[in-house]
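I opened the model to look up its pocket and the surroundings of its ligand. My notes follow.

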Amino acid sequence: MLAKVELHLHLEGAAPPALIRAISRERHIDIGRIFDSAGNYAFTDFWQFLKVYEAATSVLKTPEDYCRLTRAVLAESAAAGVIYTEAFISPDFCGGRDVSAWRDYLAAIREAADEAERQDGIVMRGIVTPIRHFGPEKARETARCAAETAGDWLVGFGLAGDENVLKPKDFAWSFDAAREAGLRLTCHAGEWGGPESVRDAIRDLAVERIGHGVRAIEDPALVDEIAEKGIVLEVCPGSNLALGLYPSWRAHPVHRLRERGVKVTVSTDDPPFFATTMEREYAALAEAFDWDAGVFDEIAKTAAKAAFCDAGTRDRILKGLEKTNA
Ligand code: ADE
Ligand code: ZN
């Protein structure tokens with residue numbers, strides 16, 4: 001199995017449905033009808049997906065819950081061949097943006113990450129992510145939590161949620177604070193918004209990576225700009241297909257973006273929601289575009305080079321890729 005590097009994974013979005021069901025039963029919390037008859041998360045479009053995501057997340061109420069969640073998520077990732085993962089984590093869900101509570105959640109997530117690294121060899125780092133539709137004021141509080149805990153484990157700052165709500169510049173204060181604290185920057189854009197949304201994120205937030213970014217393909221000049229600036233796209237093809245952004249794997253722009261010289265990487269976004277894993281992404285891409293092991297190795301190396309971790313960790317990851325994928 002090829003070794004993989006994943007840069008775009010929402011921690012709660014990776015929660016196995018069985019874990020969410022178990023915790024909701026233990027707590028006697030009724031989260032409503034968020035599962036289908038097979039026990040998978042059920043939703044019909046992106047906006048309903050966000051509601052189901054937040055309902056599932058609402059059962060996670062303590063640092064210990066996040067420790068369990070992180071262990072479960074990393075076990076799945078490691079089983080799919082992932083050797084390094086960057087996960088989006090949100091003080092909104094972890095302690096309600098209170099810095100002291102956030103520290104406790106973060107410690108619990110790190111404890112689980114350390115255990116997974118010892119047991120399965122997978123390395124995890126965190127990216128704090130405010131939720132766009134929660135608004136700029138909450139994002140500012142989130143940025144304060146991030147700045148207080150920035151370091152060798154908490155390495156990045158991003159922006160998730162509904163891309164059609166507000167503009168990147170509404171979050172500039174938070175991104176500036178995160179940058180000043182030494183965090184590296186990414187932002188969801190070009191998923192539900194068009195090329196303008198990607199342009200805004202690059203211009204107004206000075207991010208070095210874009211979450212998704214695939215709709216840049218609709219503007220050739222923007223594709224050139226992304227390639228020239230070396231901005232890395234965290235592409236999640238299976239997520240885009242599951243949410244109806246493209247009708248088929250062959251219609252997905254990841255191959256064309258790569259051919260145009262854009263640095264593309266591959267991630268799963270919210271794997272159980274979209275019935276995917278890194279293994280499934282690789283298999284579908286190989287079939288749709290005839291990508292061979294050489295292409296996947298290049299993509300994994302691009303991801304390792306674009307990872308927000310320190311240089312020593314990056315070297316370790318690159319060596320891991322060489323060892324397994326050579
Ligand atoms: N949160 C979880 N998954 C997301 C996605 N694909 N886009 C925006 N916000 C998200
Ligand atoms: Zn995402």
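I started with the largest pocket: 16 residues line it, and Glu 76, Pro 271, Pro 272, Thr 276 and Thr 277 lie nearest its centre. On a 1 Å grid over the protein atoms alone, a pocket is an open set with protein on both sides within 12 Å along at least five of seven lines, a cavity is a set of points where a 1.4 Å probe fits but cannot get out, and lining residues have an atom within 4 Å of a point. Strand E1 (4–10), helix H3 (63–79) and helix H11 (278–289) each give two or more residues to this lining, and H3 has the largest share with 3 residues. Helices (H or I, at least four residues) and strands (E, at least two) are DSSP runs, numbered from the N terminus.

I noted that this is a predicted model, where local features need pLDDT of at least 70, side-chain atom pairs count only at pLDDT 80 or more, and totals for chains, interfaces and linings use all residues. Residues are numbered from 1 along each chain as written, chains are lettered from A and ligands numbered from 1 in the order written, and side-chain values use heavy atoms, with hydrogens and water left out.

Next I looked up ligand 1, which sits in the largest cavity (more than half of its atoms lie within 2 Å of the grid points). Its surrounding residues (a heavy atom within 4 Å) include Phe 46, Phe 49, Tyr 53 and Asp 269. Helix H2 (residues 46–57) gives the largest share of this shell, 3 residues.
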